[in-house]
Amino acid sequence: MSANNPTLGQPPRPGPVIADWRPEDPQFWGSVGKRVATRNLWISIPALFLAFAVWMVWSTVIVRLNAIGFSFTTDELFWLAALPGLSGAMLRVVYSFMVPVFGGRRWTAISTASLLAPALWMGVAVQNPETPYSVFVIIALLCGFGGGNFASSMSNISFFYPKAQQGTALGLNAGLGNLGVSAMQFLVPLVIGFGLFGAVGGKPQELADGSQLWLQNAGLVWVPLIALATLAAWFGMNDLSSASASFREQAVIFKRKHNWLMCWLYLATFGSFIGFAAAFPLLINTSFPGVSALKFAFLGPLVGALVRPLGGWIADKLGGARVTLWNFVVMVAAVFGVIAFLPQEGQGGNFYGFLGMFMLLFVTTGIGNGSTFRMIPVIFRTLHERWSADLDAEGRDQALREAGKESAAVLGFTSAVGAFGAFFIPKSFGSSISVTGGPEVALYVFVGYYISCILVTWWWYSRKGAETPC
């Protein structure tokens, strides 16, 4: 496989590997870099979009399982919503380090193709009401492939862009990729209403009122799109030789205090986004039984995903720490608003007030996603600039390359930790409802956690004299 060696001012020769990549060089960026980076970004986004759709598809499927002949308990259904988050988070730990080892193009194609397994198996399993719960557990765990993809996708895109544009680029990749959750929650209720694939897609399921449902379409609808995205990644993206690094080289991040601090903050932003997205349909169903959950569930992930690029852009302009700090303040207020509109002991409550407060909460998770991810490359570039201040020009250049590799690894690893929210939040709601009859206990725990994030952001990144202002 040949490498590309573009000269300054000339586009790289055709080929999958680019050996010379200097996004911080204005001349190189204007003549070569921006065009290549943009192409890779716009192939990465639909691949990530599909990954999120498959990852969170159980949030809509569980609402209809019992209607087509299954008899799972509420706690079992919450487990199916939570398990993709658990496996996705664990896979992200591994995926965080894959791009420098295998290359962004190759790994994006492989990881996207892996989504075919849970999508196809789900399409088969839901058609048989005798399918045991254990099979659905395995399929739910396999849907975690979609969650893992986020870590490698964000790591890959971070290598293509200069520091000044990383917040916007990462925000676009993540924000438009996150739209896969909302699009899935909007699309699945539509496609399960008719025989999308005819006889090839299988027979419909009969409901108690005599109507029919094709729940298998919830998985099958993504199969042709996944195949197209895989081919686009393989033939249209690039590997960067400058991004190459072994696991041992990247593992230095585990010694970096700021890696762990940003994991704590990102779990509160992205973890909340994906966890609320997974739990929202069933939470509506249990708190407001008279409301059709699937008519409203897609709205939360939609607004959260749409504002994520805005969070990155605002952070580029105002500073990531400032935006993140005040965003956590609003998150605390929004959770108290959700609690205020919940029914008490099965009485009262206001669904539209509850929905409005949850929409605000989703907005804050989206903005926080963008602002925290913008903080990471700035923090590690600042640290390496500080450590290399007494070195010669070559030493400083090497330090900046190391900062880029560490930032990419931290972006991936923090996304892995953040993904655990997709498990903990649905499980917290399920446990709270099972023990106390309502979700309030879980929500109060979230408030305490967000307050701790306010303190962490202020002390290390936002206050005057902070250790690493960003």
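Visitor: Before we start, what do buried, exposed and partly exposed stand for here?

Guide: Buried is under 20% relative accessible area, exposed is over 50%, and what falls in between, with a 1.4 Å probe and protein chains only, is partly exposed. Keep in mind that this is a predicted model, where local features need pLDDT of at least 70, side-chain atom pairs count only at pLDDT 80 or more, and totals for chains, interfaces and linings use all residues. Residues are numbered from 1 along each chain as its sequence is written, and side-chain values use heavy atoms, with hydrogens and water left out.

Visitor: Okay, is Asp-25 buried, exposed or partly exposed?

Guide: Asp-25 pairs with Arg-22 in a salt bridge (a Lys or Arg side-chain nitrogen within 4 Å of an Asp or Glu carboxyl oxygen), with 3.1 Å between the closest N and O atoms. The relative accessibility of Asp-25 is 24%, so Asp-25 is partly exposed.

Visitor: Which helix holds Asp-316, the partner of Arg-374?

Guide: The Arg-374 and Asp-316 side chains meet in a salt bridge at 3.0 Å, N to O. Both residues are buried. Arg-374 belongs to helix 16, and Asp-316 to helix 14.

Key:
Helix = DSSP H or I, 4+ residues; strand = E, 2+ residues; numbered from the N terminus.
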